[in-house]
Amino acid sequence: MSVYALTPKPGFERYTIQVGWNPHRTFFANVVDFAWDPVTDPDNEPDTVRIGLVETVLDPAEVLLAVEPYAHIPAHLAAALRADQAAHPARR
């Protein structure tokens, strides 16, 4: 399994943003604000993105597109994700 933590873009510093490859079957992406407290900040609910948790994603471009509004995407990341998939193919 691979996990890459991405640097948030300005205005999205509250988020933890990750993409990676899970050799059980899928690429995944998460954009989550772990510090948000609905009791103290009920009017500022964060966005949440979770891809590859239930559905199968076999194209790294799909997860990178999902996190692109929130994070800086390194130029090499799509190739690194494909290399992770090739090195650890989906288990059948």
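Asp84 lies in helix α2, where helices (H or I, at least four residues) and strands (E, at least two) are DSSP runs numbered from the N terminus. The structure is a predicted model, in which local features need pLDDT of at least 70 and side-chain atom pairs count only at pLDDT 80 or more, while totals for chains, interfaces and linings use all residues. Residues are numbered from 1 along each chain as its sequence is written, and side-chain values use heavy atoms, with hydrogens and water left out.

**Overall layout**

- The protein chain holds 2 helices and 4 strands, and along the sequence these follow the pattern β-β-β-β-α-α.
- The C-alpha trace of the protein chain spans about 45 × 30 × 15 Å along its principal axes.
- Of the 92 residues in the protein chain, 36% are buried, where buried means under 20% relative accessible area, exposed means over 50%, and partly exposed covers the range in between (1.4 Å probe, protein chains only).
- Among contacts with a separation of 6 or more in the protein chain, 54% come from residues 24 or more positions apart, a contact being heavy atoms within 4.5 Å.

- The side chain of Asp84 does make a polar contact with the side chain of Tyr4, at 2.7 Å. A polar contact is a pair of N or O atoms within 3.5 Å; within protein, one must be able to donate a hydrogen and the other to accept it, and residues adjacent in sequence count only if both atoms are side-chain atoms.
- Not counting residues up to four places away in sequence, Asp84 touches Ser2, Tyr4 and Trp21.

**Salt bridges**

- The count comes to 2 salt bridges, each defined as a side-chain nitrogen of Lys or Arg within 4 Å of a carboxyl oxygen of Asp or Glu.
- Glu68 forms a salt bridge with Lys9, with the closest N and O atoms 2.9 Å apart. This pair links distant parts of the chain, 59 residues apart, with Glu68 in the loop between α1 (60-67) and α2 (77-87) and Lys9 in the loop between β1 (2-6) and β2 (16-22).
- Both partners are partly exposed, Glu68 with a relative accessible area of 38% and Lys9 at 22% relative accessibility.
- Asp33 and Arg14 meet through their side chains in a salt bridge with an N to O distance of 2.6 Å. Asp33 lies in the loop between β3 (26-32) and β4 (49-51) and Arg14 in the loop between β1 and β2, so the pair ties together parts that are 19 residues apart in sequence.
- Asp33 counts as buried at 11% relative accessibility, whereas Arg14 is partly exposed, with a relative accessible area of 28%.

- Leaving aside neighbours within four places in sequence, Val63 is in contact with Val19, Phe27, Phe28, Ala29, Ile51, Val57 and Leu81.
- In α1, the buried residues are Pro60, Val63, Leu64, Ala66 and Val67. They cover an arc of only 160 degrees around the axis, which puts them on the same side of α1; the arc is that of the directions from the helix axis to the C-beta atoms.
- The buried residues of α1 pack against β1, β2, β3, β4 and α2.

**Side chains reaching backbone nitrogens**

- At the start of α1, a side-chain oxygen of Asp59 reaches to within 2.9 Å of the backbone nitrogen of Ala61.
- Asn22, in strand β2, is buried, with a relative accessible area of 18%, and a polar atom of its side chain lies 2.9 Å from the backbone nitrogen of His24.
- Glu13, in the loop between β1 and β2, is exposed, with a relative accessible area of 55%, and a polar atom of its side chain lies 2.9 Å from the backbone nitrogen of Gly11.
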